[in-house]
Amino acid sequence: MGLSQDQVRRYGRQLLLPEFGVRGQERLLRASALLIGMGGLGSPAALYLAAAGVGRLGLLDSEPVEAGNLHRQVLHDTQAIGRSKVDSAQARLRALNPAIEVVALRERLEASNALRVLESYDLVLDGSDNMPTRYLANDACVLLGKPLVHGAAIRLQGQVLTILPRRSACLRCVFPEPPQAGELPSCQAEGVLGSVTGLIGALMAHEALKLLGGFGTPLADRLLTFDGIASGWREVPVRRDPQCAVCGDHVQTSDIRRIVHAAAAV
Amino acid sequence: MAITVRIPTPLQRLTNGQGEVQCDGKTVAELLGDLERRHPGVKERICDETGKLRRFVNVFVNEEDIRFMQGDQTAIKDGDEVSIIPAIAGGAS
């Protein structure tokens with residue numbers, strides 16, 4: 001397809017990378033990614049994906065911007081308080097890169113819309129803020145065969161895992177059952193630092209750029225964790241569980257469909 | 001007494017801020033008991049009331065998930081490294 005002069009000017013520094021180059025750029029421009037959550041993780045992730053030239057970005061979030069979001073949700077500014085996060089994000093990303101398509105989806109991921117919402121994207125980034133959504137995203141991505149970049153952060157720690165459905169460990173292979181509400185701490189109760197969500201969100205974007213651009217080795221079967229007290233990264237190997245309830249060897253599509261449909265509304 | 005246990009960030013306030021502590025035990029279950037003796041309050045964050053590992057916490061011995069070994073009966077020895085890795089939900093804001 002070839003790149004225009006404008007594109008060469010804009011993307012020149014990444015075109016210089018031999019691993020990426022014109023081929024990687026052309027792949028990105030044709031690619032699409034859905035971001036679940038326009039918060040602390042989705043903000044940096046969306047900025048880097050838009051800036052890099054991913055052709056179509058879907059932004060999913062039902063919440064409005066609040067003052068308490070701004071210390072970490074760097075897509076939104078003070079003026080955006082009270083406005084829907086996806087509208088605020090869409091405006092910012094369009095200003096950053098007018099050549100890409102940015103779709104604002106002002107809704108939550110639910111059993112009733114998950115497959116429809118995710119279906120038209122090449123890849124999904126989960127930067128949501130609760131476990132039911134995370135498991136639903138995982139299960140729907142396994143069902144649809146979509147790569148999923150899972151990222152999470154709280155307090156001063158974070159973790160990232162790339163999931164290649166049926167080829168690498170999914171969220172349920174690593175943590176078989178979702179915790180009940182209240183079993184895990186939330187940022188609302190426990191706090192989080194913006195630089196930590198920034199690191200995790202940027203790494204999520206990086207994983208997406210690798211997969212969509214067709215270079216590097218995905219962070220699959222390796223759960224990468226960040227400890228923000230010592231500023232240390234550590235990875236633990238994880239593996240696909242042949243007995244996994246969604247991506248296991250003997251699971252039928254109809255079984256996963258049932259799990260997705262049974263997902264609690266969140 | 002030379003099994004290194006890596007403590008996840010949120011539990012480090014129960015281990016005086018230490019990211020790694022030394023504990024004893026012949027199995028993971030024994031090790032978690034010793035961890036609780038040395039740092040009261042840690043075990044209830046890792047195990048439920050019946051002593052079973054919580055569903056959203058994984059324990060790795062030398063980078064192998066104990067679910068794929070003998071669970072909390074997995075044998076350990078001096079020099080082993082045990083990592084405790086909980087799931088993270090995130091925001092809720």
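## Stop 1: where the chains meet

Select the contact between the chains: 20 residues come from chain B and 36 residues from chain A, where two residues are in contact if their C-beta atoms, placed from the backbone, lie within 7 Å. On the chain B side, strand S3 (57-61) and strand S5 (81-86) each supply at least two residues. Color that chain B side by residue type and you get nine nonpolar, eight polar and three charged residues. Here Ala, Val, Leu, Ile, Met, Phe, Trp, Tyr, Cys and Pro count as nonpolar, Asp, Glu, Lys and Arg as charged, and the others, Gly among them, as polar.

Some housekeeping before moving on: this is a predicted model, in which local features need pLDDT of at least 70 and side-chain atom pairs count only at pLDDT 80 or more, while totals for chains, interfaces and linings use all residues. Residues are numbered from 1 along each chain as its sequence is written, and chains are lettered from A and ligands numbered from 1 in the order in which they are written. Helices (H or I, at least four residues) and strands (E, at least two) are DSSP runs, numbered from the N terminus.

## Stop 2: the sheet of chain A

Switch to cartoon and pick out the eight strands of chain A that form an open sheet, in the order S3-S2-S1-S4-S5-S6-S7-S8, with mixed pairing. Two strands pair if DSSP finds at least two bridges between them. Which strands are at the edges? Strand S3 (101-105) and strand S8 (232-237) of chain A are, each pairing on one side only. Neighbouring strands here are turned by 15 degrees against each other on average, direction ignored; axes are lines fitted to C-alpha atoms, for helices over the stretch in contact, and angles run from 0 to 180 degrees between N-to-C directions.

Now show the helices that pack on this sheet. Helix H4 (residues 85-96) of chain A touches S2 and S3 of chain A, and its direction makes about 175 degrees with that of S3(A). Helix H9 (residues 194-213) of chain A touches S1, strand S4 (123-126), strand S5 (148-154), strand S6 (157-163) and strand S7 (222-227) of chain A, making about 175 degrees with the direction of S5(A).

## Stop 3: strand by strand

Zoom in on S1 (residues 32-36) of chain A. Five bridges join S1(A) to the parallel strand S2 (residues 56-60) of chain A, and Leu34(A) has Gly58(A) as its bridge partner in S2(A). S1(A) also pairs with S4(A), again parallel, over four bridges, with Ala33(A) standing opposite Leu123(A).

Stay on S4(A) and show side chains. Leu123(A) and Leu125(A) cover one side, Val124(A) and Asp126(A) the other, and all four are buried (20 or more other C-beta atoms within 10 Å of the residue's own; exposed means 12 or fewer, partly exposed in between, with C-beta atoms placed from the backbone). S4(A) and S5(A) run parallel, joined by three bridges, and Asp126(A) is opposite His150(A). Trace the chain from S4(A) through helix H6 (residues 131-144) of chain A to S5(A): this β-α-β crossover is right-handed, meaning that with the strands pointing away from the viewer, the path from the first strand over the helix to the second runs clockwise.

## Stop 4: the core

Select the largest nonpolar core, which has 98 residues; Ala33(A), Leu35(A), Ala46(A), Leu57(A) and Ala208(A) touch the most other members. Such a core is a set of buried Ala, Val, Leu, Ile, Met, Phe, Trp, Tyr and Cys residues joined through C-beta atoms within 7 Å. H9(A) gives the most, with 10 residues. Center on Leu57(A): among the residues it touches are Leu93(A), Ile100(A) and Val102(A).

## Stop 5

Chain B has an open sheet of five strands, S2-S1-S5-S3-S4, with mixed pairing. S1 (residues 3-6) of chain B and S5(B) are parallel over three bridges, and Val5(B) partners Val82(B). Helix H1 (residues 28-38) of chain B lies across S1, S2, S3 and S5 of chain B, at about 110 degrees to S2(B).

Finally, check the backbone torsions. Glu63(B), in the loop between S3 and strand S4 (64-65) of chain B, has a positive phi near 70 degrees. Asp221(A), in the loop between H9 and S7 of chain A, has a positive phi of about 60 degrees. Buried or exposed, what is Glu63(B)? Glu63(B) counts as exposed because it has 12 C-beta neighbours inside 10 Å, whereas Asp221(A), with 19, counts as partly exposed.

Note on methods: Lists of a residue's contacts leave out its neighbours within four places in sequence.
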